[in-house]
Amino acid sequence: MCYQRPLAAENFRQFIKELEDEHDLIKITEEVDPHLELAAIVRKVYENEEKAPLFENVKRRMSNGLFRVLGAPVGLSRIPGQRLCRIAKSLGLASSATGQDIIHKINEAKKCDPIPPIDVPSGPVKEYKIFGDEIDLTSLPVPLLHADDGGKFIQTFGMYIVQTPDKRWVNWSITRGMVNDKRSLVGPIIPKQDIGVISQMWKERNEDMPFALCFGVPPAAIMVGGMPIPKWTNEAGFIGALTGKPVEVVKCETNDIRVPAHAEIVLEGVVLTSEDAKATEGPMAEYHGMIFPGQSKKCPIFKVNAITFRENPVLPICVAGRAAEENHTVWGIMQAAEVLNICQNAGLPIQMVWCPFESHCLWFVAQVDRQKLRVMNTNIADFSTRLGHVVFGSKPGWYIPKILLVGEDVDPTNLRDVIWAESTRCQPGKNEFLFDEYGNIPLIPYVGYGIKPEHKGNHQKVVRCCMLPCEFFDESLPWKEGSFRGSYPIDLQEEVNRKWETYGFSH
Ligand SMILES: Cc1cc2nc3c(=O)[nH]c(=O)nc-3n(C[C@H](O)[C@H](O)[C@H](O)COP(=O)(O)O)c2cc1C
Ligand SMILES: [Mn+2]
């Protein structure tokens, strides 16, 4: 019999182990204060693309083990040739996978049949259980993430599970949550998000909405928790399609939601429906890398009725802010894959979409398949306009304000290529197409704090075509690239590569 080890994509502990084995994780045994110190370390880690820190000795850690903390779980890596290894590993790919490999893998899974989760009688998440008034969220060592945050966010990289009253649609998604008091969290429920749509159904029945908040779920699950797939589709089935295996789930203690059996920590409870039951939340430094101090809002309360957890549990966190953190590596990339899928389903000749991390989820770079484009016999204006309507009118479109359309010689995952294409081929006023009819997420700093549009809701989005007109028609292009790869015969390039060290350079 051949023993198959669990893949990192299916199991959070295996993910941690493999990162450690590959020298991309550091165990910190030094005592670290959850009051800003821990988050400052994680911030510095993101900004230097350092190893993921696993904090084993969090100051004020509880005697029951709650909790260790994993920072930058899907940050970028400094290991040569493996910058995207935590993203790749989360999706069941080799650590050396490229951006193209990653988008391709997600898109391939989209074409497969869903593999629904399977019920198991128990699992590690049931090793410890606490209920009702035994729960005191304020006593947990929840990190304060940024000096100007309005509270302590325990939930930055866990997955909420909610279901419709008829249980036909079960949604797994990420949205943030702050500690409110001993027994509750508070957090935004955006009506356009699936959790918002489902919450409205419970409100209409005047019932509280049961939820489970799961930390340390299978890495493939948290990736999909940040992916805007269509409403009425269960993320769990798509996760199964991605890993090729059903997620093992186990019933909650206080409601009938099913949670991943190998999760680290699960909070169970209900979102209070009463409009009076709201509390102050935020602000928190966000994915766009800014915070407007003092800007708190009233948000729904998540009452916690039970906590279950495994031995020595690990809380994964995202310290949001300047790139690249999980908003960019998870949300940005999963949105890009979904945009590619949407373009292809609409019959558009787009072969790759990427969200450059440095754009903080605001630029989506779409690369054309030029052969198919030529067959369409179209032009810059018509094609850019069509692309804009397809993307901006879609589910992820609300978050996306700027699309850059690039040719085949431009790698969307290479920021140098993208900037070169924009600067050399995007003709001001001629290659820029504004769209007035679609809304933008108000979190974008210039939407909330910029010059107000003349008409309410008239928030502009743009497609910038970073291609020359000839790319739409000519079989061979009239230019060549002034570069190592573009300006020298291939055998000469190979010779220079071969002799590189002989010349005195190091590799
Ligand atoms: C680290 C991280 C944090 C996120 N935080 C939030 C958040 O606080 N609020 C929110 O509405 N979406 C947030 N998102 C984006 C949603 O998870 C994403 O839009 C997802 O598609 C929503 O699920 P749904 O498509 O089932 O509605 C976050 C994503 C990631 C990766
Ligand atoms: Mn959903």
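Trainee: At the start of helix α11, which residue does a side-chain oxygen of Asn 414 reach?

Mentor: To read such a place, look for a pair of N or O atoms within 3.5 Å. In this predicted model, a side-chain oxygen of Asn 414 comes to within 2.9 Å of the backbone nitrogen of Arg 416, at the start of α11.

Trainee: Which residues of α11 are buried?

Mentor: Buried is a matter of accessible area, with a cut-off of under 20% relative area. In α11, which runs over residues 415-425, the buried residues are Asp 417, Val 418, Ala 421 and Arg 425. These residues span an arc of only 100 degrees around the axis, which means that they lie on the same side of α11.

Trainee: Which exposed residues does the face turned away from that buried side carry?

Mentor: On that face of α11 you will find Arg 416 and Ser 423, both exposed. The buried residues, for their part, are covered by several elements, including the strands β19 (363-368), β20 (402-406) and β22 (461-466), together with α13 (484-487).

Trainee: In which sense do β20 and β22 pair, parallel or antiparallel?

Mentor: The two strands pair in the parallel sense, over 5 bridges, and as one bridge to look up, Val 406 has Cys 466 in β22 as its partner.

Trainee: Finally, which residues come nearest to ligand 1?

Mentor: For a ligand, begin with the residues around it and then turn to individual atom pairs. Ligand 1 has 21 residues around it, of which Asn 171, Ile 174, Gln 193, Asp 194 and Lys 395 come nearest. Among the atom pairs, an oxygen atom of ligand 1 is 2.7 Å from an N or O atom in the side chain of Lys 395, an oxygen atom of the ligand is 3.1 Å from an N or O atom in the side chain of Trp 331, and an oxygen atom of the ligand is 3.3 Å from a polar backbone atom of Gly 225.

Technical notes. Residues are numbered from 1 along each chain as its sequence is written. Chains are lettered from A and ligands numbered from 1 in the order in which they are written. This is a predicted model: local features need pLDDT of at least 70, side-chain atom pairs count only at pLDDT 80 or more; totals for chains, interfaces and linings use all residues. Side-chain values use heavy atoms; hydrogens and water are left out. Buried means under 20% relative accessible area, exposed over 50%, partly exposed in between (1.4 Å probe, protein chains only). Helices (H or I, at least four residues) and strands (E, at least two) are DSSP runs, numbered from the N terminus. The arc is that of the directions from the helix axis to the C-beta atoms. Contact means heavy atoms within 4.5 Å. A polar contact is a pair of N or O atoms within 3.5 Å; within protein, one must be able to donate a hydrogen and the other to accept it, and residues adjacent in sequence count only if both atoms are side-chain atoms. Two strands pair if DSSP finds at least two bridges between them. A residue is near a molecule or strand if one of its heavy atoms lies within 4 Å of it.
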